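Please look over the structure below.

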Amino acid sequence: MLKRKVGIIGAGLVGATTAYSLAMLEICTEIILYDIVTDVAIGKAIDIEQSTSFSSKATIINYALTPADMINCDIVIVTAGVPRKANMTRNDLLDINSKIIKDVTKNIVKYSPKAIIICVSNPLDVMTYLMYKESGLERNRIIGMAGALDSARMSYYIAKKTAMDSSQIKSMVLGEHGEKMLPCPTISAISGVPINQLIGKSDIDNIIEDTKSGGATIVKHLKTSAYYAPARAITEMVSAILNDSKVIIPSSVVLDGEYGYRDTTLGVPVVLGRNGVEKIIELPLEESIKTQLDDCVISIKDSIAILS
Ligand code: APR
């Protein structure tokens, strides 16, 4: 395999689980972990690399002692920041995580100038926008991980409701990564059959509500935010980029006129490949969905305005 190097900034629950998932699925040749708490990055890098002794293809797991040690990555995943606790919304993290994002973005551009960046830190859409502004990079290289996870959560609730195998369920969640997100039943399907042709309105309404509160449900039980499904969702995006797979994955990206919005990020279906966002897919939307997307954009732009 040609050299494929993935950097992960923030070796906490999401960052380390992502490294483990990437290593288990043998997606890249090298992973390098950086954390402000150096021992966390070192300890987890050693532990994860030792786990690869049972793999058919070894993945080297390195650690960076300083941001300058994380050089020439093909992809950098940013999970640095604080996760939300019970009774917190993702927006409560705005202040503290924005300072961290500004700092790490500067270093990514300096030490991995060709990297595609996947932002995971919350509030996701706002942090992705901030990264775009701070980096000065082309918008196809900055991608927020949200839709992949929210869609996986929607598929989980559809599987629970229908007792069908979740591997045949493909869901689509658009909009913000927050309370206003838009799980879309008419473009979510089980083996190609839209779910609104298979189950009734009240079941669909329950699925939508459960999906919207999917993250909060986990926070309630764990007292911190989720990490297995987020890590697997990030892995899917990394795989699509490194393998140039051109798969459609809803993601938070900077819009420049698409769907009638500009100068904002928003969760929309995109094609992921070697250049990051290869294409933004513009779906024809029912009026009620468009109105709800307008609300998402207002909410994201309000938070962006607080930042500046
Ligand atoms: N540079 C590098 N690492 C940092 C920095 C920084 N400036 N600031 C914090 N970190 C590290 C912390 O030391 C910690 O190890 O980021 C890591 C975050 O890990 P966790 O606290 O375990 O949080 P996690 O659950 O992984 O969530 C991280 O992802 O889903 C989002 O909302 C979540 O914003 C949060 C992020």
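The notes below start with the basis of the model and then go topic by topic.

This is a predicted model, in which local features need pLDDT of at least 70, side-chain atom pairs count only at pLDDT 80 or more, and totals for chains, interfaces and linings use all residues. Residues are numbered from 1 along each chain as its sequence is written, and side-chain values use heavy atoms, with hydrogens and water left out.

**Ligand site**

- The ligand has 20 residues around it, and Leu13, Val14, Asp35, Thr79 and Asn122 come nearest (a residue is near if one of its heavy atoms lies within 4 Å).
- This shell divides into 12 nonpolar, 7 polar and 1 charged residues (nonpolar: Ala, Val, Leu, Ile, Met, Phe, Trp, Tyr, Cys and Pro; charged: Asp, Glu, Lys and Arg; polar: the others, Gly among them).
- An oxygen atom of the ligand lies 2.6 Å from a polar side-chain atom of Asp35, and a nitrogen atom of the ligand is 3.2 Å from a polar backbone atom of Ile36.
- An N or O atom in the side chain of Asn97 is 3.4 Å from an oxygen atom of the ligand.
- On its own the ligand has 730 Å² of accessible area, of which the protein covers 86% (Shrake-Rupley method, 1.4 Å probe).
- Elements giving two or more residues to the shell are α1 (13–24) and α3 (94–111) (DSSP runs, helices H or I of at least four residues and strands E of at least two, numbered from the N terminus).

**Nonpolar core**

- The largest nonpolar core has 79 residues, and Ile77 and Val238 have the most contacts inside it (a core is a set of buried Ala, Val, Leu, Ile, Met, Phe, Trp, Tyr and Cys residues joined through side-chain atoms within 4.5 Å).
- Helix α8 (residues 228–242) gives the largest share of this core, 7 residues.
- Domain 1 (5–144) and domain 2 (147–307) both contribute residues, so the core lies between them (the bounds come from an automatic or database domain assignment).

**Backbone features**

- The peptide bond from Asn122 to Pro123 is cis, with omega near -5°, and Pro123 is in the loop between β5 (116–119) and α4 (124–135).
- Ala163, in the loop between α5 and β7 (169–170), has a positive phi of about 60° although it is not a glycine.
- Ala163 is exposed, at 71% relative accessible area (buried is under 20%, exposed over 50%, partly exposed in between; 1.4 Å probe, protein chains only).
- Asp244 also has a positive phi, of about 50°, and is partly exposed at 32%.
- Most residues other than glycine have a negative phi, and most peptide bonds are trans.

Technical notes. A polar contact is a pair of N or O atoms within 3.5 Å; within protein, one must be able to donate a hydrogen and the other to accept it, and residues adjacent in sequence count only if both atoms are side-chain atoms.
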